[in-house]
Amino acid sequence: MKKKCLVLLCLLMILCMLPLGGMAIRYGSVVRITNGNAVNVRKGPGTGYGVLGEAQPQNLYVHLGSSGDWECILYQGEEGYVSASRVTVEEGLVPDQYGYGSYVDAIVRVTHGNALNVRKGPGKKYGSIGQAKPGTTWEYLGMDDGWNIIAYNDQVGYIAANRTEVEAVSSPTPTASSSDCEYCNGTGKLTILELNMKIECAFCDGTGKQ
């Protein structure tokens, strides 16, 4: 528990020190919980490992990799594993260090019919720093266990992900033609994720890897 609190505290400190307009967001892989009930998040890829917590239906998590029949996710600042049979891996928007595609600016739009509390951390146990009205948009800073992290009136705030939508609003303008990169085909979204080599491409930022 102390380790988890320390990780969250460090993340909050980093977010607070960064300019709110300067956090890089990229396309990357996310895991969506498709099981109808909460799914155990374990410390390793198997039922023999201890449980870190539960991942709720439809929540999104940064995808860190795969191990057999288990998907590794970023769960409350730690690596956790969920059964692959209860989730799907799809494309989403993630913080820079977890992405592989183009850099984008992204916003969080409130889709719920009522105003939502913006909290100090990822959970109802954290105090509210204000409210976000229906239809308003906020700068997207990342995700954490069912909560979207936003720039809220010069503060870092957390808002329920299942009542909001994340939208890309801009992306870099590439200078190369789509035929110049066999990996992303000019889309900025790599089609061969298992590669681990340096390439030159204005579309996928020359990473050539997940």
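The model is predicted, so local features need pLDDT of at least 70 and side-chain atom pairs count only at pLDDT 80 or more, while totals for chains, interfaces and linings use all residues. Residues are numbered from 1 along each chain as its sequence is written, and side-chain values use heavy atoms, with hydrogens and water left out. A search of the whole structure finds three salt bridges (a side-chain nitrogen of Lys or Arg within 4 Å of a carboxyl oxygen of Asp or Glu).

**Pairing**

- R26 and D96 form a salt bridge, with 3.3 Å between the closest N and O atoms. This pair joins distant parts of the chain, 70 residues apart: R26 lies in strand β1 (residues 25-33) and D96 in the loop between β7 (87-95) and β8 (103-110). Strands (E, at least two residues) are DSSP runs, numbered from the N terminus.
- R32 pairs with E90, the closest N and O atoms being 3.0 Å apart. Strand β1 holds R32 and strand β7 holds E90, 58 residues apart.
- E167 pairs with R109 at 2.7 Å between the closest N and O atoms. E167 belongs to strand β14 (residues 164-170) and R109 to strand β8, 58 residues apart.

**Accessibility**

- R26 is buried at 6% relative accessibility, whereas D96 is partly exposed at 27%. Buried means under 20% relative accessible area, exposed over 50%, and partly exposed in between (1.4 Å probe, protein chains only).
- R32 is partly exposed at 24%, and E90 is partly exposed at 27%.
- E167 is partly exposed at 23%, and R109 is partly exposed at 29%.

How values were computed:
Helix = DSSP H or I, 4+ residues; strand = E, 2+ residues; numbered from the N terminus.
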